[in-house]
Structures are given as structure tokens and as C-alpha cells.
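Walk me through this structure, one piece at a time.

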Amino acid sequence: MENLIQKKNERHGGIDLFRVVAMFMVVILHVNGIGGVLRNPANTALSPLWFIGSAIQVLCVVAVNCFALITGFVNVGRKAKIKNLISLWLQAFFISIVVFVIKIIIQEETFSFSLLVKRLLPVTFNRWWYFTAYFLLFFFIPILNLAMEKFGKVLMASLIIALGVLFCVVGYIMPAEVFGLVSGYSFLWLAYLYLVGAYIKKYDFKISIKGKPVRAWVYFAIYLVISVLHFVIEFLLSRRGGYTSVPVNTVYTYALNLLASVALLLFFANLKFKTSKTLMFFSSTSFGVYLIHIAVGVSDKFTFLLNYHWAITVALVIACAIAIYLACTIIEYLRQLLFKACRINTLTEKIQTLILKIYDKLKARFEKEPITETESVMEAKMEEKTEENPATPPSEN
């Protein structure tokens, strides 16, 4: 979804790769977690699968934070485009309805008017919590970018650190709903991560030793060290509780999850290479992978993997994640072809033009200026002429 800002610079190969990797991590999280493998009673505490499954979750739990960081990294200083938000909503709406109809046909769901309304309004009824939170975040991106521009390096760094302490430390020891964070499943947490990612990009943040920036692999090593620390701490807490819980903290506002995700962003941001067509393809379909596999549902659908030897189960978890990713990618590509054939992009442009005309008329009325050729519409047209690529969520950066 981070592509909703006008592209002005050459694509960043490392960030495109990061987007694909992060989405694959999300799929693994869901297969291993809500899919019914890791927390199943059959997966006994201290078994090899219990350890390895928990380690996989620790490594992948940073994925959601990574996407929000990418959003800030690629969007800082760029102008939001309404038509791309509309495109994303239409994409979510289409997938929601198609999956709903298919589930009714195969009798996986029972039709009801209330359920139909929920599927028709995926954002309103939080069909995908991340998309709902991002939908709100989009309207604050201009404000966040303005703050990034006006505050300056020192003041913004101070704000980010202060909010980090408030959200990650105070928020960790208080109830999950404190500050409206909801353990990180919220617009507020995405907004904070946006600022962190934007700061890293705007000020080219790097760790230096003796005045020399460290190499990319150092950031990956930091990510691994933080992940190990995460596992050890949670294992000790689990042991104190009689191993009734797995050693994974899935709270996105957990300080170690934040630090690990930042380390991964720095790692991929320092991989300097040009994006290939293959990488662009997988990057452009990554948001569709998220929407489709969540809409279809993975809850408790992989408990059968526990019937095998633990080593085979681990391999199958990864294999199932790959299969889901590739299947959803193909489906999303077909959806893109259908939208292109139906000229949905033209529809979104017309809707954008209408919204901008209404905005300019309201602006002129409040400012008591004569209504002439709408400035926002003219500006939008100029932006369309300078675009290098069409909007294909969530690929552009």
C-alpha cells in the first residue's frame, strides 16, 4: 500500500525485495500461528517443533512493522494521490465480494444480509485490520510529511524516541488498549512507524563505526541478535509460567519487535541494486497476496501438519507458505488483468477529478475566491503526465 504516493525517483531494488520478503513472512506467520500448528495442544512444550516453530515466529513477527516502516521510507516528501487509495479500496472490495460468493456457493459460509453488508464495506467492518488502519493513515500522510519537513532532524529524532519509550515501554506494562495502540493493531502505531521509516530515509540514517557506515550485513546480524534475545527472554518467561505459552511476543509494540524491524529496514535499504521485472511483478502483487489469503481464511486449516515428524512439519509449513504465496500471486495478477481490461484506472481517475473539483469549490467558497479552473484538478493532471509507471498496489516506491 505504500505506493500511494507519486513516484519521482528510480525504484529501490532493496525495498522491493523487502516488500516481497515481508509479505512472505506474513504468510508464514499465519500458517504457523493461526493456521493451528504452533499453539496446538498436540505441539507439546519443549519439543523440537515447539522450539523451531517458536523461532520461526520470532523471526517473522516483525513483518507487519516492516510494512509500515516501508510506507514511511518510500512516501516521505511525496504527494498522496486519492486515485490510488480508491484503487486499493476497489481491489479490497472486489476480493471481498468474490471470495464471499465462492464461499456461499461451496457452502463454507451461510448467506445473511448482515454478512453481505460486512463484505460490501470491508474497511468499515475491519475485514482486514491493516488495510483499515492504513486507510485512515493515508489521510494523515500529508500532515506527517509536513511535520517531518518542519520539525528538523534533532526535534524529530527526539519526538520519535519519546514516542518510542511511551508506546513500547509504558504501553508494554499497561493494558493493550492504552493510548489506543491495541498491541500495535491500530492506526496510531502505523503512524508512528511511518515517522520512523520517513526519518531513516530523509536523513539517510546509518550506524557508523569510526566515521564509516557499517555494511548491510551488520544490520542483518543485529536483526538476528535481537531475535535471539527476544526468544531467550520469552523462553524464560514461558518457563516461569510452566511452559503454558510459546516463547513468542506477538505484540507489535514490543520494543524488541520494533528494533528488529528497523534493523531489517536498514539492511534492505542498504542493498543497492536495480529492480528486475520479476521482482517488480512480485512486489506489485504483494498486497493482493495479503488480501486474498486472509479473505479465504487460514485459521486452524493446517493442524494436519502435526501428524508428521517435526522436521517434516517444519518443511511443510514453509512449503505451504510458498504455495499460498504463489497461488495468491497468480490470482492477484488475473485480478489486475481484469481491472485493466475493464479500465478501472480510468474510473478511479474520474472519481479523483470529481473529488478534487468538489474540494476546490469548497476551498474557494471558504476563502471567498472566484471559482475558476480548479487548481487541484490541474495539478493532478500534471502529476499524471509526469508519472513513470501506472499505480499497481503496492509496488511503487
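Val182 counts as partly exposed, because its relative accessibility is 37%, between the limits of 20% and 50%. This is a predicted model. Val182 lies in the loop between helix 8 and helix 9. Its backbone stands out. Most residues other than glycine have a negative phi. Val182 is not a glycine, yet its phi is positive, about 50°.

Ser183 sits in the loop between helix 8 (153-173) and helix 9 (187-202). Ser183 has a relative accessibility of 16%, so it counts as buried. Under 20% is what buried requires. The C-alpha atoms of Ser183 and Tyr252 are 5.9 Å apart. Along the chain, 69 residues separate the two.

Positive phi turns up elsewhere. Arg343 has one of about 55°, and Arg343 is not a glycine either. Arg343 belongs to the loop between helix 14 (310-341) and helix 15 (344-367). Its relative accessibility is 56%, so Arg343 counts as exposed. The cut-off for exposed is over 50%.

Now step back to the whole chain. The secondary structure comes to 16 helices and two strands. The chain has 397 residues, and 50% of them count as buried. Take the contacts between residues at least 6 apart in sequence: 82% of these join residues at least 24 apart.

Asn249 gives a local view of such contacts. Asn249 is in the loop between helix 10 (216-240) and helix 11 (255-269). Its relative accessible area is 7%, so Asn249 is buried. What is Asn249 in contact with, leaving aside its neighbours within four places in sequence? The partners are Val61, Tyr172, His230, Glu234, Tyr254 and Asn257.

Next, the helix packing. Two packed helices are described by the angle between their axes and the distance between the axes. Start with helix 1. Helix 1 has 20 residues. From its first C-alpha to its last it reaches 29 Å, close to the 28 Å expected at 1.5 Å a residue. Helix 1 is mostly covered, with 17 of its 20 residues buried.

Helix 13 is one of its packing partners. Helix 1 (residues 13-32) and helix 13 (residues 286-296) pack at an angle of about 10°, and their axes are 9 Å apart. Helix 1 is therefore roughly parallel to helix 13, since angles under 35 degrees count that way. The crossing of these two helices is left-handed. Helix 1 contributes Arg19, Met23, Val26, Val27 and His30 to the contact. Helix 13 contributes Ser286, Val289, Tyr290, His293 and Ile294. By class, the contact of helix 1 with helix 13 has six nonpolar, three polar and one charged residues.

Helix 12 is another partner. The axes of helix 1 and helix 12 (residues 277-284) come within 9 Å and cross at roughly 45°. That angle makes helix 1 oblique to helix 12. This crossing, too, is left-handed. On helix 1, the contact is made by Gly13, Asp16, Leu17, Arg19 and Val20. On helix 12, it is made by Leu279, Met280, Phe282 and Ser283. The contact of helix 1 with helix 12 has five nonpolar, two polar and two charged residues. Arg19 takes part in the contact with helix 13 and in the contact with helix 12.

Helix 4 comes next. Does its length fall where it should, or how far apart are its ends? Helix 4 (residues 82-105) has 24 residues, which should span 34 Å at 1.5 Å a residue. Its end C-alpha atoms are 35 Å apart, which agrees.

Helix 4 packs with helix 5 (residues 113-120). The two axes come within 8 Å and cross at roughly 150°. Helix 4 and helix 5 are therefore roughly antiparallel to each other, because the angle is over 145 degrees. Trp89, Phe93, Ser96, Ile97 and Phe100 of helix 4 meet Leu115, Leu116, Arg119 and Leu120 of helix 5. By class, the contact of helix 4 with helix 5 has seven nonpolar, one polar and one charged residues.

Key:
Residues are numbered from 1 along each chain as its sequence is written. This is a predicted model: local features need pLDDT of at least 70, side-chain atom pairs count only at pLDDT 80 or more; totals for chains, interfaces and linings use all residues. Side-chain values use heavy atoms; hydrogens and water are left out. Axes are lines fitted to C-alpha atoms, for helices over the stretch in contact, and angles run from 0 to 180 degrees between N-to-C directions. Helices (H or I, at least four residues) and strands (E, at least two) are DSSP runs, numbered from the N terminus. Angles under 35 degrees count as roughly parallel, over 145 as roughly antiparallel, 65 to 115 as roughly perpendicular and the rest as oblique. A crossing is left-handed if the near helix is turned anticlockwise from the far one by less than a right angle, and right-handed if clockwise. Contact means heavy atoms within 4.5 Å. Ala, Val, Leu, Ile, Met, Phe, Trp, Tyr, Cys and Pro count as nonpolar, Asp, Glu, Lys and Arg as charged, and the others, Gly among them, as polar. The expected span of a helix is 1.5 Å times one less than its number of residues. Buried means under 20% relative accessible area, exposed over 50%, partly exposed in between (1.4 Å probe, protein chains only).
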